[in-house]
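Here is a short report on one protein chain. Please read it with the sequence and the coordinates open.

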Amino acid sequence: MILDQPPRTETVPATWPHGPERILPPLPAGVRAPARRPGPLGRAMDRVDPAVRAGVRRVLTLLCILPLLLILAREAPRLPQSPLILGYGFVVLAGTIAMLYISYSKYDDPAVRELRRRPRRLGDFPPLPAVPRVSFLLAVKDEEECIEDCVRSMAASAYPDLQIVVVDDLSEDGTRAVLRRLEAELGITVLYLEKNLGKKHALVRACEIADGDVIAFTDSDCILAPDALRRCVDALVRHPELGAVSGHCRALNAPVSVFTRAQDVWYEGQFRVAKAAEAVFGSVACVSGPLAVFRRDAIYNYLPAWAGDRFMGAPFRFATDRQLTGYVLGQKWKGRALKRQYADSPFVTAANYPERKWRIGYVQSARVWTNVPARFRPFMKQQIRWKKSFIRNMCFTGTFMWRRGLGPAALYYGHALWVVAAPVMAFRHLLWAPLHGAGFLTLLYLGGVVLKGLVWGLAFKIDNPGDTRWRYRPVMSLLSSVLLAWLLPYSIATIRRGVWSRSAT
């Protein structure tokens, strides 16, 4: 981690639990803190009637994606002539256009304004207190170098009623010494496990003593903006139908190399575009680990199922943020069976919360930074871990997502189809085509990949004016299509292997 800037200070009321002043770890050079106020156009848009604002956004979005629509219109008549050659690229570009349109024309930050798409029967969702108690939980193992920055940023959260619980899952480096010092200084609660349980079981141990109306999680290599947690809680309070929300994550170590800068731009798109599109339908498929905030009554009964999750006859050790999210999305249809399976667990017997058709949102203004892998090998391990979580989640969430409506189903199954088709397309275009004298097909495929990367890069540039990192986005598109696509079959073959490792160096 690069720490060459002076600390940022946030002044808070003296009545807050950890004292009157917070000193946050500084962000690395080149990492931009979130703007406190919107630009002139944003402020002007906030003053107009909501219906007018929505109409203006739709028109502006259509103008921006018009060149892509013209490309589709030009190629559509040729599809019947070469469906195999043009079909995949056509579908991918059409899906990208649809996602961009939904996220930019329809997404609203639930911490900033009331959502436009809400359930008809809001009375089915009990409201939270105006200032709910929040339990902020973290599991850690062997993170001596970064754990202090993470815990200090948690303690610096601008929220008045906060319980912080850190679980040390039998660290073997100097992590425990750091935590003992922070425990005495900050007044946080630390559980020191005498047996390594794995991340999910460690977090469930923290949940045993968590007493908040809201349960929030972060990862041990993250730093949070002071207002990030508050904004997520505000979104839940404003919208009782939201059972969970995800924050917005960027790379903390982005300035290190081209590789980390490319990942930073990729993270921005995955949250600002992909999660925003899913949030329009209240069906974010993964409340990501850097900042995952849940209502207690949306997950409490399902924590033993999460910790004890098994797949293909073996325990599934990965923390799998997707799976915990799936229990919120699908509890209307899966909840009773899961509770019956763990009927003797204290998480079920202590309080039996009704199964509800919760919605899940995304809070763009809740900023958090995480260390991304700076070297190739840790990056590949991370991607394999994510692919395994995707495979496992498909076998759970994929069984009910169609029940949540056409929009959520199209986004979820469309993404799943793209992931499954990626290795097939890579084989066909990168191996089969050149071996059979169809090198032009390979060039066409790679050109389409670069075009898609440029589209996502331009979306980044719109959201981050003046930031030149948008040009790194095609690098991630090429890496994904040429290399990462092959990881799916490997992940399937090794699905039963898995250890908890968060190293990003």
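This is a predicted model: local features need pLDDT of at least 70, side-chain atom pairs count only at pLDDT 80 or more; totals for chains, interfaces and linings use all residues.

## A helix across the sheet

Eight strands form an open sheet with mixed pairing. Their order is β5-β4-β3-β6-β9-β8-β12-β7. The edges are β5 (189-192) and β7 (222-224), and each of these pairs on one side only. Neighbouring strands in the sheet are turned by 30 degrees against each other on average, direction ignored.

How many of the residues of β3 are buried? Seven of the seven are, so the strand is largely enclosed by the rest of the structure. Val 134, Phe 136, Leu 138 and Val 140 point one way from β3. Ser 135, Leu 137 and Ala 139 point the other way.

Strands β3 and β4 run parallel and are joined by seven bridges. Val 140 has Asp 168 of β4 as its bridge partner. Asp 168 also forms a salt bridge with Arg 176, with the closest N and O atoms 2.6 Å apart. Is Asp 168 buried or exposed? Asp 168 counts as buried because its relative accessible area is 0%. Arg 176 is buried too, at 12% relative accessibility.

## Strands β8 and β12

Strand β8 covers residues 242-251 and strand β12 covers residues 359-370. The two run parallel, and eight bridges join them. Within this pairing, Cys 249 stands opposite Val 368 in β12.

## Salt bridges

The chain has 26 salt bridges. Side chains of opposite charge can pair when their charged atoms come close. One of the bridges joins Arg 118 and Glu 241, at 2.8 Å from N to O. This pair links distant parts of the chain, 123 residues apart. Arg 118 lies in the loop between α3 (83-106) and β3, while Glu 241 lies in the loop between α7 (228-238) and β8. Glu 241 is buried, with a relative accessible area of 0%.

Lys 339 and Glu 355 make another bridge, their closest N and O atoms being 2.5 Å apart. Lys 339 is in helix α12 (residues 331-341), and Glu 355 is in the loop between α13 (346-349) and β12. These partners are 16 residues apart. Both are buried. Elsewhere, salt bridges with shared partners join Arg 57, Asp 108, Arg 113 and Arg 116 into one network.

Pro 408 is found in helix α15 (residues 406-435). Its relative accessible area is 8%, so Pro 408 counts as buried. Which residues does Pro 408 touch, leaving aside those up to four places away in sequence? They are Phe 281, Ser 283 and Met 401. Pro 408 and Val 280 are 128 residues apart in sequence, yet their C-alpha atoms are 9.0 Å apart in space.

Helix α17 (residues 473-482) is largely enclosed by the rest of the structure, because seven of its ten residues are buried. The buried residues are Arg 473, Pro 474, Met 476, Ser 477, Leu 479, Ser 480 and Ser 481. They pack against α8 (258-280), α14 (376-394), α15 and α16 (439-463).

## A nonpolar patch on the surface

Val 52, Val 56, Val 59, Leu 60 and Leu 63 make a nonpolar surface patch of about 410 Å². Leu 63 lies in helix α2 (residues 50-75). Is Leu 63 buried or exposed? Its relative accessibility is 55%, so Leu 63 counts as exposed.

## Whole-chain numbers

The protein chain has 18 helices and twelve strands. Of its 505 residues, 56% are buried. The accessible surface comes to about 22,100 Å², and 60% of that belongs to carbon and sulfur atoms.

Contacts reach across the sequence. Taking those between residues at least 6 apart in sequence, 79% join residues at least 24 apart.

Definitions and conventions: Residues are numbered from 1 along each chain as its sequence is written. Side-chain values use heavy atoms; hydrogens and water are left out. Two strands pair if DSSP finds at least two bridges between them. Helices (H or I, at least four residues) and strands (E, at least two) are DSSP runs, numbered from the N terminus. Axes are lines fitted to C-alpha atoms, for helices over the stretch in contact, and angles run from 0 to 180 degrees between N-to-C directions. Patches are made of residues with over 30% relative accessible area and no salt bridge: like charges are joined within 9 Å, nonpolar side chains (Val, Leu, Ile, Met, Phe, Trp, Tyr) within 5 Å. Accessible areas come from the Shrake-Rupley method with a 1.4 Å probe; for residues, only the protein chains shown count as cover. A salt bridge is a side-chain nitrogen of Lys or Arg within 4 Å of a carboxyl oxygen of Asp or Glu. Buried means under 20% relative accessible area, exposed over 50%, partly exposed in between (1.4 Å probe, protein chains only). Contact means heavy atoms within 4.5 Å.
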